[in-house]
Amino acid sequence: MHELSLVQGLFSQVRVVAKENNAQKVLRVLVEIGPFSGVVVDSFCFAFDALKKGDKLLQDAVLEIKTPPAGFRCPNCLWEEEPNEANKKNTDTDEMFSSALGMLTKTCCPHCGEEGLLPLGSDDILLLQIEME
Amino acid sequence: MCDTCGCQSVHDHDIKLVEINRSLLEANNALAEKNRHHIEALGAVAVNLISSPGAGKTTLLEKTAEMLAESLDFAVIEGDIETERDAERIRAKGIPAVQLTTGGACHLDAKLVHKGIHLLEAQLADSRPQILFIENVGNLVCPATFDLGEHKRVVMVSVPEGSDKPAKYPRAFLGSDLFIITKIDLLEYFDFSIDEAVKCAKLVNPDIKTIALSAKTGQGMDQWMNYLTKLTKTD
């Protein structure tokens with residue numbers, strides 16, 4: 001549950017920006033979670049909602065999350081699959097969760113059959129935008 | 001009345017959109033970079049040890065102390081949720097060690113390690129370790145996200161845990177330099193395949209080096225000793 005620490009880090013960054021802009025209230029926070037970050041979107045949202053309670057600046061803030069899709073490259077024949085929607089982080093709770101990281105060991109190269117693909121995509125978590133008043 | 005905030009006056013609420021584009025890990029990574037410089041200034045190379053609880057991180061360090069005490073100076077920063085036990089075990093071997101307790105957090109971060117380095121400096125006095133081991137909180141998931149300022153990251157899996165761990169916990173292997181399989185003296189009692197574990201780890205990270213050893217019998221420990229000796233010479 002390192003998502004809690006990440007949200008704590010997010011809140012400190014947001015506080016600094018809010019202060020710089022003399023904002024009293026944060027309305028919306030936009031975050032991008034990279035496909036190879038190992039961060040669980042649901043846990044991140046849970047931590048956000050838990051930590052904003054009782055916080056004057058953040059209690060009404062809405063969290064929006066962008067989850068860019070993953071791509072893969074074959075280390076053998078250099079076949080590439082561009083990041084596409086089919087490889088997007090699964091956030092539908094009715095289905096089993098599977099991460100782009102997991103696909104690295106499960107997927108073979110469709111071109112040459114090589115086992116094990118290299119990741120194309122971010123492993124970072126970015127604060128993109130803050131809307132405040 | 002104002003519709004937005006409910007106050008009695010009529011006024012404008014200026015909504016401002018600010019573009020940031022900064023990593024949530026930025027603060028941690030900046031501190032980690034400082035730690036790396038700090039550790040280099042001490043003349044040491046830092047090694048971050050990551051594994052699930054009970055894989056044998058502390059035991060490996062105890063054995064390393066027994067085998068290398070004469071030829072290599074090292075120090076240890078121990079990370080746990082609670083207790084001073086691991087640091088006490090290391091100090092009992094004559095090695096300088098400080099204990100960090102997170103009080104509940106499932107991983108060490110750069111801020112806590114920064115504190116650890118200062119605590120350790122007070123204990124070191126004039127001695128200068130060549131290697132600083134940072135033993136992370138036992139957890140194969142969360143520690144993988146946080147740079148502590150290490151130069152090398154080592155991930156460990158013990159034979160009783162099963163050879164599927166690299167496939168199940170890929171993030172820890174993605175960012176590691178070395179994969180150690182521990183407790184190989186137990187191979188005959190478990191269905192653990194070294195080949196499968198190594199294969200899975202290399203699928204996630206083709207550059208990862210591997211060592212299989214037993215700190216109990218000493219088998220494979222020579223490879224670990226060689227790895228450490230090389231670290232002190234090349235870095």
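User: Two strands pair if DSSP finds at least two bridges between them. In this predicted model, which residue in β1(B) is the bridge partner of L127(A)?

Analyst: Start with the strands: β6(A) and β1(B), residues 16-23 of chain B, run antiparallel and are joined by 6 bridges. Pairing takes at least two bridges, so these strands pair, with 6 between them. Go to L127(A), look across into β1(B), and its partner there is R22(B).

User: Okay, which element gives the most to the side of chain A that touches chain B?

Analyst: In all, 30 residues of chain A are in contact with 30 of chain B. On chain A's side, the elements giving two or more residues are α1 (3-20), α3 (100-106) and β6 (125-132). The one that gives the most, with 8 residues, is β6(A).

User: How many nonpolar residues does that side of chain A have?

Analyst: Sort the side of chain A that touches chain B by class. You get 4 charged residues, 11 polar ones, and a nonpolar count of 15.

User: And how many residues are in the largest nonpolar core?

Analyst: Its residues with the most contacts inside the core are L132(B), F133(B) and I134(B).

User: Where in chain A is the pLDDT below 50?

Analyst: Chain A has a mean pLDDT of 87, and 89% of its residues reach 70 or more. One stretch falls below 50, with 4 contacts beyond near neighbours in sequence: residues 91-95.

Definitions and conventions. Residues numbered from 1 in each chain as written. Chains lettered and ligands numbered in written order. Predicted model: local features only at pLDDT ≥ 70, side-chain atom pairs only at ≥ 80, totals over all residues. Core = buried A, V, L, I, M, F, W, Y, C linked by C-beta atoms within 7 Å. Buried ≥ 20, exposed ≤ 12 C-beta atoms within 10 Å, placed from the backbone. pLDDT = per-residue confidence, 0-100. Contact = placed C-beta atoms within 7 Å. Helix = DSSP H or I, 4+ residues; strand = E, 2+ residues; numbered from the N terminus. Nonpolar A, V, L, I, M, F, W, Y, C, P; charged D, E, K, R; others polar.
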